[in-house]
Amino acid sequence: MSKQQHNIELYVHIRMVLSTVVLTKFGKSWGSSCKIGDVRRGSRSPDRGAPRSERLRHASHLFISTHVLIAATVCTKSGKALVSRQFVEMTKARIEGLLAAFPKLMTGGRQHTFIETESVRYVYQPLDKLYMLLITTKASNILEDLETLRLFSRVVPEYCTQLTEAEILNQAFNLLFAFDEIVALGYRESVNLAQVRSFVEMDSHEEKIYQAVRQVSSYKFIYRNKNLPSNLFDKATASPPRSSGFGSGFGSSSLPQTTPSEPTTEKIPTTPARETRTTTRSAMKLGSRGTDTESFVSRLRSEGDVAAAPVKIEKTVVTTNNKDVHLRFEERLNLVAGRDGDIQSFELSGLLTLRISNEQFGKIQVHVDNKDTRPLQLQTHPNVDKEHFRTSGVVRLKAAQRAFPVNSDVGVLKWRLANTGDTPQPLSVNCWPSEGANGTCDVNIEYELEQEHLALADVNINIPLPAGNTTLVVHQWEGSYTQKGKMLVWNIPLINKQQKSGTLEFTVTPAIRNDFFPLSVTWTSETPLAMLTATKVTTAEEGNNVDFSQEISFHPDKYEIV
């Protein structure tokens, strides 16, 4: 007998022994009929004198049939398979037949989530309009099957933002990779959700180090080639020219005359000087995994392999026209409105900040004019004279001998406006989606400026788009629009009293109405929502006018239409 035939005999014997152990565990004898998986009834072990091919086929069939988990499937309620992973040898017709029989076995009033037939067991869990279904053998442990089902049910929402058919098909490969990490050869692996996520991402720290080495080599190659032409030119021009003699009378002399000349220096490409860093003692950091690449590059530098020096970006100092006394009005808005235009939450918060750059203007007072008819809640700093501000609208210190701090931002006044029921929103946005035939959805979005004293710049209306493979067609718009992933960003450069409204019309296929909510809006503005203005700044003692500058900032922290 050859060595190859001996290995085959040994392999067949091992598999037959394993199958015998599994069958004996479930109370089956080697020669009795089996009902596990797809084993044919009355299937008996062939005699030892039977042909080797028959014994191999019989042993392989028994070994496959003893697997616990047959398939894991995400299917619809009608039994249509969206993603299915079989862990045993099984034809497509067989798995489709098992899935087609599953809805017919579902009956009303069931209190458990498994169904048993003569050959297999269905263990399932609803996922909105879908099912996470496991098909197992009847000899499997139902408790282990339920634990495996819980892990599968947690994996599906991990990769699918929405539990819809389109999203499942879009993330099919990620789901299949995750299923393979959970089950191997019909048995569950000892993994949790975090380990499955890590295995599917295949994030390799060694690969990052390798990429860093390649990047350093690339920078080194570019640096050398960049300096090569200049070095060749220096070599060509460094050689001394031939002397033509002394004076005009000996200009035609053919004898070569040597003259003492300065030694010529040839430029040799050199690596940049090493950086000298001052080391300071610091506490040990745990989990600083991202610094391994930097330390590797630093080791390369210490060995002489230096990458291209980083380009230094000079910071440009922004010059402002702030006076010695500068006021800053800043307002933030948090608003949530319904689809019908009703305001669900509204909160405006504002702050007046004072900054003095010259000591001689430390003792000043700010005159604030409040023309807002709404119930603004005003609150002054504890060191500000509250009674004087309430009667005359002047912000000044309680102690006349004291002065405001210099070269520091001091908040002197706060205001707040909450939803009182009749507070209009600064910008109304109406979204009108209408579903059409063949899954299309026509969307009309309209905005209108409600507070005409405002001027909103760089307005962005962010419209969510449905997940999956969709088609977007824009018919009409004001300003410009861009699609960033699953978000349509509608940009309007300026909205003011003269340009207070605009529309956007587009069609998405397939989509439903709820796919386009919530909408979010952002903008920047130099006009405040609350009608508070600084009329003048005067000295506290003489009352002389002081030249001042001011800036106003009004923007939303949260502005949504849900």
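Which residues have the most contacts inside the largest nonpolar core? In this predicted model, select Ile 445, Ile 461, Ile 463, Phe 506 and Phe 516. The core they belong to has 64 residues.

Next, select residues 325-337. This is strand E8, which gives the most to the core, with 6 residues. Then colour domain 2 (325-418 + 534-561) and domain 3 (427-525): both give residues to this core, so it lies between them.

Leaving aside residues up to four places away in sequence, Ile 461 touches Val 429, Tyr 447, Leu 488, Val 489, Trp 490, Ile 492, Leu 519, Ser 520 and Val 521.

The next stop is a sheet. Show strands E1 to E5: they form an open sheet in the order E2-E1-E5-E4-E3, paired antiparallel. Strand E2 (81-86) and strand E3 (114-116) are at the edges with a single partner strand each, so one side of each has no neighbour in the sheet. On average, neighbouring strands here are turned by 15 degrees against each other, direction ignored.

Zoom in on strand E4 (residues 120-127) and strand E5 (residues 130-137). These antiparallel strands are joined by 8 bridges. Leu 127 stands opposite Leu 130 in E5.

Terms used: Residues are numbered from 1 along each chain as its sequence is written. This is a predicted model: local features need pLDDT of at least 70, side-chain atom pairs count only at pLDDT 80 or more; totals for chains, interfaces and linings use all residues. Side-chain values use heavy atoms; hydrogens and water are left out. A nonpolar core is a set of buried Ala, Val, Leu, Ile, Met, Phe, Trp, Tyr and Cys residues joined through side-chain atoms within 4.5 Å. Buried means under 20% relative accessible area, exposed over 50%, partly exposed in between (1.4 Å probe, protein chains only). Helices (H or I, at least four residues) and strands (E, at least two) are DSSP runs, numbered from the N terminus. Domain bounds come from an automatic or database domain assignment. Contact means heavy atoms within 4.5 Å. Two strands pair if DSSP finds at least two bridges between them. Axes are lines fitted to C-alpha atoms, for helices over the stretch in contact, and angles run from 0 to 180 degrees between N-to-C directions.
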